[in-house]
Amino acid sequence: MSIDKLAPPFDRLPRAILFDWDNTLISNWRCVHASVNAALRAFGKTEWTLEESYGRIRKSLRDSFPEIFGEEWPRARDIFYAHFEENHLTHTDVLDGAEEMLRTLHGLGIRLGVVSNKTGRFLRAEAAMLGWAPLFDALVGATDAVADKPDPAPVHLALKPTGFEPGPDIWFVGDADVDMEIAHRTGLTPVLVGDTPHVGDGLDRFPPAVSLVGCAAISSLVREIAATISTDIRTVG
């Protein structure tokens, strides 16, 4: 999908792009879902369907588990982590076009980072396993900053290695309302990506600047911007 006449802020390449991780670049939702159900079973609670997991797991664990398990949430956390750590690296699927997109953006000199509500050590293990870690300036997960997404703190931490201040020339790309919320709260350009309906109910308050179907559409948009800039330079010359 292209932007008509490439109106601002899409009339120039972003200085940096921060990505969500799960359901934006990769998918291991079935592993997350199974790990949550392991904790629910241990507490004698009704297990969730995969559909329910999509709708309920947008916040970080430290924000969501106290709501689900009450004062005993640390025990539920430990059960979840044990199950997830045992299985997540063998249940990590790259979304279509994600690797090509990341390498295209990196090759254009756009600084890249991740802000995820997945626990930081799991996020970084998955990025290393995929060979993507060198593409990113920062891989910020849950509990890495003083608060988790949609609090602005992880964005500031992710941008620290670049030296950039938050602004519309930096995009935040994600599949859920919390991703659009953190973009709005930090002044970044919010880009919604994906074809899943499980994005939450906050998009009316935090609308995306543009909605794209997948990673290939991001690649196409960036290439269009780059080509337009090159044409403008040739015209001026």
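Which helix does Thr-228 lie in? The close-ups below take up that residue and two other spots in this predicted model.

**View 1. Thr-228 in helix H9.** Thr-228 belongs to helix H9, which spans residues 215-236. With a relative accessible area of 29%, Thr-228 is partly exposed, because that class covers values between 20% and 50%. Look also for Asp-11: its C-alpha atom and that of Thr-228 are separated by 8.2 Å, although the two residues are 217 residues apart along the chain.

**View 2. Helices H4 and H6 packed together.** Here we meet helix H4 (residues 73-87) and helix H6 (residues 120-130). Two packed helices are described by the angle between their axes and the distance between the axes. For H4 and H6, the angle is about 5 degrees and the axes are 12 Å apart. The two helices are therefore roughly parallel to each other, as angles under 35 degrees count that way. On the H4 side, the contact involves Tyr-81, Phe-84 and Glu-85; these meet Arg-121, Phe-122 and Glu-126 of H6.

**View 3. Glu-181 in helix H8.** Our last stop is Glu-181, found in helix H8, residues 177-186. Is Glu-181 buried or exposed? Its relative accessibility is 18%, so Glu-181 counts as buried, the cut-off being under 20%. Leaving aside residues up to four places away in sequence, Glu-181 touches Pro-150 and Phe-206.

How values were computed
Residues numbered from 1 in each chain as written. Predicted model: local features only at pLDDT ≥ 70, side-chain atom pairs only at ≥ 80, totals over all residues. Heavy atoms only, no water. Axes fitted to C-alpha atoms, helices over the stretch in contact; angles between N-to-C directions. Helix = DSSP H or I, 4+ residues; strand = E, 2+ residues; numbered from the N terminus. Parallel < 35°, antiparallel > 145°, perpendicular 65-115°, else oblique. Contact = heavy atoms within 4.5 Å. Buried < 20%, exposed > 50% of the residue type's maximum accessible area, 1.4 Å probe, protein only.
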